[in-house]
Amino acid sequence: SKHSLWRRLESLKITASIKNGAFFQKVAGYLWRMWRNGEYRRLVKKTILQVSYLFRDNLKKEYQRCQQAPDFSRKFIYMPLQVSPESSTSPQGGVFVDQILMLEILSAALPKDWLIYMKEHPIQWLRFGLEFSSYKYRGYYRQISKIKNVKIVPMETNSYELNNKSRVVATITGAAGWEAALWSKPVMIFGYPWYLDCPDIFRVSDTESCKQAIEKISAGFKPNPQNIINYLKEIGQSAIRGYNADSAGFSSGISREESMKNIAKFIVKELPNL
């Protein structure tokens, strides 16, 4: 999986460091510096805290208590949760930074024989740990599991299979929505992703707009592949090559400096039009 721990370590160049032995030298050096500088108490406290997660209740354990295996023979909406906190939900999600609100609206709009399969983003726990927080608090998944017709699926469930076998993919701004559109799968978006203006994608914000979208989808609506191709062509002609986060530039083929120059050049060009 592209979100597996090993792939994440590769992107950070840690796997190469492990193979040549430098990783262990650096860890040993880090521990020695902490001990020499009198920071061993903080090191011990941090170690105990991490080990304690194995025995204490945490997000993963609560999720597993609420999960149910999906039944792919049912009609369902696939709704992957997004990482929080992150700009993809705040500010790009607006009020739907509260992802439970989004699920409640979808649930209220569902036909009687439909379900919602929800899956947590695999990066959530890796990036922010398993401890409860103000974003993913104690009882968060339990609250979701109590919403009518919402089922929490196991983390090991294949995301592409969920996407492919769903009747529609619902997301705030997630990449799952764009992937679905490329597969001619109906998409409902609640936030403001970069592909917001793509034709044949449903922009929804309340129960009524969700119902209208589901009615069209039930009647056989599917995105027109040519509309998607035309949109991509327009994006290619009007976009500039650049990125605002180093993590987004790993496979871009351009350096950070080149990216900064491209963005700065575009801003300077547009300033007279403001």
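Does Arg142 count as buried, partly exposed or exposed, and what is its relative accessibility? Hello everyone, let's start there. At 39% relative accessibility, Arg142 counts as partly exposed. Here buried means under 20% relative accessible area, exposed means over 50%, and partly exposed is in between, with a 1.4 Å probe and protein chains only.

A word on the source before we go on. This is a predicted model, in which local features need pLDDT of at least 70 and side-chain atom pairs count only at pLDDT 80 or more, while totals for chains, interfaces and linings use all residues. Residues are numbered from 1 along each chain as its sequence is written, and side-chain values use heavy atoms, with hydrogens and water left out.

Now the overall picture. The protein chain has 13 helices and six strands; these are DSSP runs numbered from the N terminus, helices being H or I of at least four residues and strands E of at least two. Its C-alpha atoms fill a box of roughly 70 × 55 × 35 Å along the principal axes. Of the 274 residues, 36% are buried. Take the contacts between residues at least 6 apart in sequence: 64% of them join residues at least 24 apart, where contact means heavy atoms within 4.5 Å.

Next, the charged pairs. Side chains of opposite charge can pair when their charged atoms come close. The structure holds eight salt bridges, each being a side-chain nitrogen of Lys or Arg within 4 Å of a carboxyl oxygen of Asp or Glu.

Back to our opening residue: Arg142 forms a salt bridge with Glu62, and their closest N and O atoms are 3.9 Å apart. Arg142 sits in helix α8 (residues 140-145) and Glu62 in helix α5 (residues 59-66), so this pair ties together parts that are 80 residues apart in sequence. Glu62, at 1% relative accessibility, counts as buried.

A second bridge joins the side chains of Asp113 and Lys75, at 3.4 Å from N to O. Asp113 is in the loop between α6 (99-109) and β2 (114-119), while Lys75 is in strand β1 (residues 75-80), so the pair links parts that are 38 residues apart in sequence.

Lys165 and Glu161 form a salt bridge with their closest N and O atoms 3.0 Å apart. Both lie in helix α9 (residues 159-165), four residues apart, about one turn of the helix. Lys165 is partly exposed at 39%, and Glu161 is partly exposed at 31%. Elsewhere, salt bridges that share partners join Asp57, Arg65 and Arg138 into one network.

On to the cysteines. How many disulfides are there? The count comes to zero, taking a disulfide as a pair of cysteine sulfur atoms within 2.5 Å. For Cys198, the nearest cysteine sulfur is that of Cys210, 18 Å away. Cys198 is buried, with a relative accessible area of 4%, and Cys66 counts as buried at 12%.

Last stop, a pocket. On a 1 Å grid over the protein atoms alone, a pocket is an open set of points where a 1.4 Å probe fits, with protein on both sides within 12 Å along at least five of seven lines, and lining residues have an atom within 4 Å of a point. The second largest pocket has a volume of about 150 Å³, a volume being the space filled by probe spheres set on the points. Its lining includes Arg167, Lys185, Pro186 and Phe221.
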